[in-house]
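I opened this notebook to record, entry by entry, what I looked up in one structure.

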Amino acid sequence: MSEKIKILVAGAANPHIPGYCRNFAGNPKHEWEIVALAESDPVLLGNVQQIMKDKPVKYYSDWRKMLDAHPDIEAVQIGNDNKYHFELFKECIARKLHIYSTKVATMDPEEGRELLKLTENYEKTIQVELELHFNQQFRYARDLVRSGKLGEIQSVYLTNISQSPCNYFPNWGDPELSYGKIVPIRPGADCFRGGALTDHPHPFDLVRWITGLEFREVYARSARNQRKHLKVEDHVAITGKLDNGVPFFINPSYSNLEEQVARRRLLWPKSLECNLKILGSKGYYSTDYFDKPIYVVGKDHASPDRLIVETSWISSPDENDSLTGSFAACVRGERSTPETSLADGLEAVKVMNAAYDSIYFDKVIEL
């Protein structure tokens with residue numbers, strides 16, 4: 001395997017950061033070597049310190065101090081709250097660093113345009129976390145569509161539903177930290193942008209990537225929250241039209257309820273789902289990435305006497321053909337462009353904001 005890249009992690013607020021830390025701590029084939037991590041929240045910092053307790057990682061409470069202390073490191077993972085991504089992005093660009101951004105780079109259209117302008121001739125790698133590009137089921141779907149085997153696309157249905165992370169990552173339920181600013185979901189509402197829709201950019205990216213079609217019309221609805229205590233939306237239903245009038249339906253909701261436990265368990269009874277259904281003039285394709293068919297029940301389980309999803313096998317690509325592998329290959333000069341770019345991430349955000357505007361104004365938004 002090629003030499004691992006050394007990387008700094010700026011923030012542990014994104015719920016995916018512990019996963020990267022676990023992979024680094026437990027997978028000898030992991031493409032990254034985490035040199036240092038910065039996080040101002042002592043609880044979040046303590047979580048990742050426990051995960052990487054056997055690794056010689058340095059820790060900081062301020063990402064600026066971390067960057068200053070490691071001028072020789074050329075790559076940074078942005079993992080802080082969405083509100084601060086833009087500021088951190090600009091600093092990393094000024095320092096000419098390779099940048100890996102967890103999920104959205106920014107939810108603000110003006111900030112997105114500025115980032116694209118600043119990176120128009122940027123010589124370093126920028127990759128945005130859209131990990132479902134590397135799933136075999138969705139790659140196969142893309143091959144089917146692009147080859148014409150399904151014929152003309154008639155409709156697309158895609159859900160990316162989950163439990164709510166807000167009980168375990170309270171910052172994720174803070175509308176300002178998540179969306180970047182306080183915007184009511186509807187005029188006069190006490191629920192704000194920054195919930196399930198902000199959390200799940202994948203459906204909008206997957207539709208574009210798999211079908212090659214762009215979003216043309218968006219109409220979205222969000223009723224009262226299932227979780228009354230949340231200040232951000234926990235469910236949204238979105239419909240509309242792609243190129244050539246192809247209808248779509250997207251559900252990015254927190255509609256799988258979670259157990260109220262102090263320590264997060266992705267159980268009860270199914271934590272995550274990403275279901276894709278494509279109807280063509282010649283055929284039909286359906287898949288669920290997070291399908292978990294094995295169930296257990298009993299008093300000795302972590303959740304006693306419940307019907308629980310325990311485990312499943314998911315087909316994964318080669319280690320080098322993955323999110324971290326794509327980024328590392330670009331940093332090493334083995335690959336010219338990352339699989340999931342800044343532009344890809346901002347295109348997904350554009351549709352997400354159109355859905356928010358549709359909810360707020362209760363009308364179809366044309367793109």
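**Aromatic rings.** I looked up the aromatic residues and found that Y20, W32, Y100 and F327 form one cluster, where rings of Phe, Tyr and Trp (its six-membered ring) pair if their centres lie within 6.5 Å, and planes under 30 degrees apart count as stacked, over 60 as edge-to-face and the rest as tilted. The model is predicted, and I note that local features need pLDDT of at least 70, that side-chain atom pairs count only at pLDDT 80 or more, and that totals for chains, interfaces and linings use all residues. I also note that residues are numbered from 1 along each chain as its sequence is written, and that side-chain values use heavy atoms, with hydrogens and water left out.

A search of the whole structure gave me 11 aromatic pairs. In one of them, the ring centres of Y20 and W32 are 5.5 Å apart and the planes stand at 5°, so I wrote this pair down as stacked. Y20 sits in helix α1 and W32 in strand β2, 12 residues apart, and the pair links distant parts of the chain; helices (H or I, at least four residues) and strands (E, at least two) are DSSP runs, numbered from the N terminus. Are Y20 and W32 buried or exposed? Both are buried, which is to say under 20% relative accessible area, while exposed is over 50% and partly exposed lies in between (1.4 Å probe, protein chains only).

Another pair that I looked up is Y157 with F249, whose ring centres are 5.6 Å apart and whose planes are at 20°, so this pair is stacked. Because Y157 lies in strand β7 and F249 in strand β10 (residues 247-251), the pair ties together parts that are 92 residues apart in sequence. Y157 counts as partly exposed at 31% relative accessibility, and F249 counts as partly exposed at 30%.

**Around strand β1.** I next followed strand β1 (residues 5-10), which is mostly covered, with five of its six residues buried. On one side of my list is its parallel pairing with β2 (residues 32-38) over six bridges, in which K6 stands opposite E33; two strands pair if DSSP finds at least two bridges between them. A parallel pairing also joins β1 to strand β4 (residues 75-78) over four bridges, and there A10 stands opposite I78.

**Around strand β11.** Which strand is joined to β11 (residues 272-280) by nine bridges? I found that it is β7 (residues 153-162), running antiparallel to β11, with N160 opposite C274. β11 is also joined by five bridges to β12 (residues 284-288), again antiparallel, and K277 has S286 as its bridge partner there. A hairpin of three residues leads from β11 to β12.

**Cysteines.** I searched for disulfides (a pair of cysteine sulfur atoms within 2.5 Å) and found zero in the structure. I also checked two cysteines for cover: C21 is buried at 0% relative accessibility, and C92 is buried with a relative accessible area of 0%.

**The whole chain.** My last entry concerns totals: the protein chain has 11 helices and 15 strands, and buried residues make up 54% of its 367 residues. Among contacts (heavy atoms within 4.5 Å) with a separation of 6 or more, 71% are between residues 24 or more positions apart.
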